Amino acid sequence: MRAYKTYIFVWLTLLVLTAATVSVSYMQLGVFNAVAALIIASVKASLVALYFMHLRHEKELVWAFALFPIAFLALIIAGTLTDTLFR
Amino acid sequence: MAEYSEKKAMASEGTAGAFEKAKLGIWAFLATELMLFGGLFTAYTVYRIRYQALFHEQHLHLNRTFGAVNTVILICSSLSVAIGIAAIKAGKLAVLKLCLAITLGLASSFLFIKYLEYSEHIGNGELPSSNLFFSLYYMMTGLHAIHVLAGMAALTTMLLLTNRGAFSKEYSTPVEITGIYWHFVDLVWIYLFPLLYLIG
């Protein structure tokens, strides 16, 4: 029963964050619109991974499998930008 | 008797070991999935920085309501999968069946809304060839929709296996692995929605 309660709490938080990201998008914040959207999306993604995908109960090896590709993606995007931004 | 319980202990250890390996397997697969979407996210970043005015103007053509409703649908479908898995771990087969059916229903509504969006855009002449923004929009949401379809195929298989009595309190590895995949499909949309619909 406690597991269901946690899931429902996470689900409600995800819905609130979705409403938040939609409302923030109507404000004129310039570059901070993108920053806010990405921060909220990352909080939502972390909640899904930690609670729904059970990452918080997993061992270090599973964490490594989950985090390694994210670091690689960051490297790919950053590496590409060092080229395309300065052409 | 001692031999029997020893065998049983070994067997359950074997199942637990198999579950650990299956989890590593799905996370390794998700790593390749992230790289598959990663190329598109990189292209999005590069072009959004270079053609800010185009992205801003074009993203206003997307229907925010449809996008937001689809976000809510996927979040709800993640919840129903999570509850289904918690239920089978408590031995509640009927709840798992219900949750899998609900998830499939939500996934179908997601695709139906996506269909409405695509037909609206095509009706307005906004095609993948129209401009860079719509190329990326169709490619990213299309690849995601293929993943929704693949997830639905996996969920349907799990529903059929559950009906055949393949899962129990002791054994539910395939359902849990399918669940992790389904949550990943939700995760990708969590980023696609703000990137395409909200910030241009």
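## Where helix 2 of chain A meets helix 6 of chain B

In this predicted model, helix 2 of chain A (residues 31-52) packs across the chain boundary against helix 6 of chain B: their axes come within 10 Å and cross at roughly 170°. Angles over 145 degrees count as roughly antiparallel, so helix 2 of chain A is roughly antiparallel to helix 6 of chain B.

From chain A, the residues making this contact are A:Ala37, A:Ala41, A:Lys44, A:Ala45, A:Val48 and A:Phe52. Helix 6 of chain B answers with B:His183, B:Asp186, B:Leu187, B:Ile190, B:Tyr191, B:Pro194 and B:Leu198. Sort them by class and you get 10 nonpolar, one polar and two charged residues.

## The wider A-B contact

Now for the whole boundary between the two chains. On it, 30 residues of chain B are in contact with 31 residues of chain A. Helix 1 (2-50), helix 3 and helix 6 of chain B each put in at least two residues on the chain B side. Which of the helices gives the largest share of that side? That would be helix 1 of chain B, with 12 residues. By class, the chain B side has 22 nonpolar, six polar and two charged residues.

Helix 1 of chain A is worth a look here too. This helix runs over residues 2-25, has 24 residues and reaches 35 Å from its first C-alpha to its last, close to the 34 Å expected at 1.5 Å a residue. Its buried residues are A:Tyr7, A:Val10, A:Trp11, A:Leu14, A:Thr18, A:Thr21, A:Val22 and A:Ser25.

## Chain B as a whole

Chain B has six helices and zero strands, and along the sequence the pattern reads α-α-α-α-α-α. Its C-alpha atoms fill a box of roughly 75 × 30 × 20 Å, taken along the principal axes. Of its 200 residues, 35% count as buried.

Take the contacts in chain B with a separation of 6 or more: 82% of them join residues 24 or more positions apart.

## Helix 3 against helix 6 in chain B

Helix 6 of chain B also has a partner in its own chain. The axes of helix 3 (residues 64-89) and helix 6 (residues 173-198) of chain B come within 10 Å and cross at roughly 160°. That angle makes helix 3 of chain B roughly antiparallel to helix 6 of chain B. The crossing of this pair is left-handed.

On the helix 3 side, the contact is made by B:Arg64, B:Gly67, B:Thr71, B:Leu74, B:Ile75, B:Ser78, B:Val81, B:Ala82, B:Ile85 and B:Ile88. On the helix 6 side, look for B:Val175, B:Glu176, B:Gly179, B:Trp182, B:His183, B:Asp186, B:Trp189, B:Phe193 and B:Tyr197. The residues of this contact divide into 11 nonpolar, five polar and three charged. B:His183 and B:Asp186 belong to this contact and also to the one with helix 2 of chain A.

## Helix 4 of chain B

Helix 4 of chain B (residues 93-123) has 31 residues and reaches 45 Å from its first C-alpha to its last, close to the 45 Å expected at 1.5 Å a residue. Buried along helix 4 are B:Leu96, B:Cys99, B:Leu100, B:Thr103, B:Leu106, B:Ala107 and B:Phe110. What covers them includes helix 3, helix 5 (132-163) and helix 6 of chain B. After helix 4 comes B:Gly125, with a positive phi near 80°.

From B:Ala94 to B:Gly84 is 10 residues in sequence and 9.2 Å in space, C-alpha to C-alpha.

A:His54 sits in the loop between helix 2 and helix 3 (60-84) of chain A. Its phi is near 65°, a positive value in a residue other than glycine. Most residues other than glycine have a negative phi. With 17 other C-beta atoms within 10 Å, A:His54 is partly exposed.

B:Gly17 lies in helix 1 of chain B and is exposed, with 10 other C-beta atoms within 10 Å. B:Gly17 and B:Tyr118 are 101 residues apart in sequence and 45 Å apart in space, C-alpha to C-alpha.

Key
Residues are numbered from 1 along each chain as its sequence is written. Chains are lettered from A and ligands numbered from 1 in the order in which they are written. This is a predicted model: local features need pLDDT of at least 70, side-chain atom pairs count only at pLDDT 80 or more; totals for chains, interfaces and linings use all residues. Axes are lines fitted to C-alpha atoms, for helices over the stretch in contact, and angles run from 0 to 180 degrees between N-to-C directions. Helices (H or I, at least four residues) and strands (E, at least two) are DSSP runs, numbered from the N terminus. Angles under 35 degrees count as roughly parallel, over 145 as roughly antiparallel, 65 to 115 as roughly perpendicular and the rest as oblique. A crossing is left-handed if the near helix is turned anticlockwise from the far one by less than a right angle, and right-handed if clockwise. Two residues are in contact if their C-beta atoms, placed from the backbone, lie within 7 Å. Ala, Val, Leu, Ile, Met, Phe, Trp, Tyr, Cys and Pro count as nonpolar, Asp, Glu, Lys and Arg as charged, and the others, Gly among them, as polar. The expected span of a helix is 1.5 Å times one less than its number of residues. A residue is buried if 20 or more other C-beta atoms lie within 10 Å of its own, exposed if 12 or fewer, and partly exposed in between; C-beta atoms are placed from the backbone.
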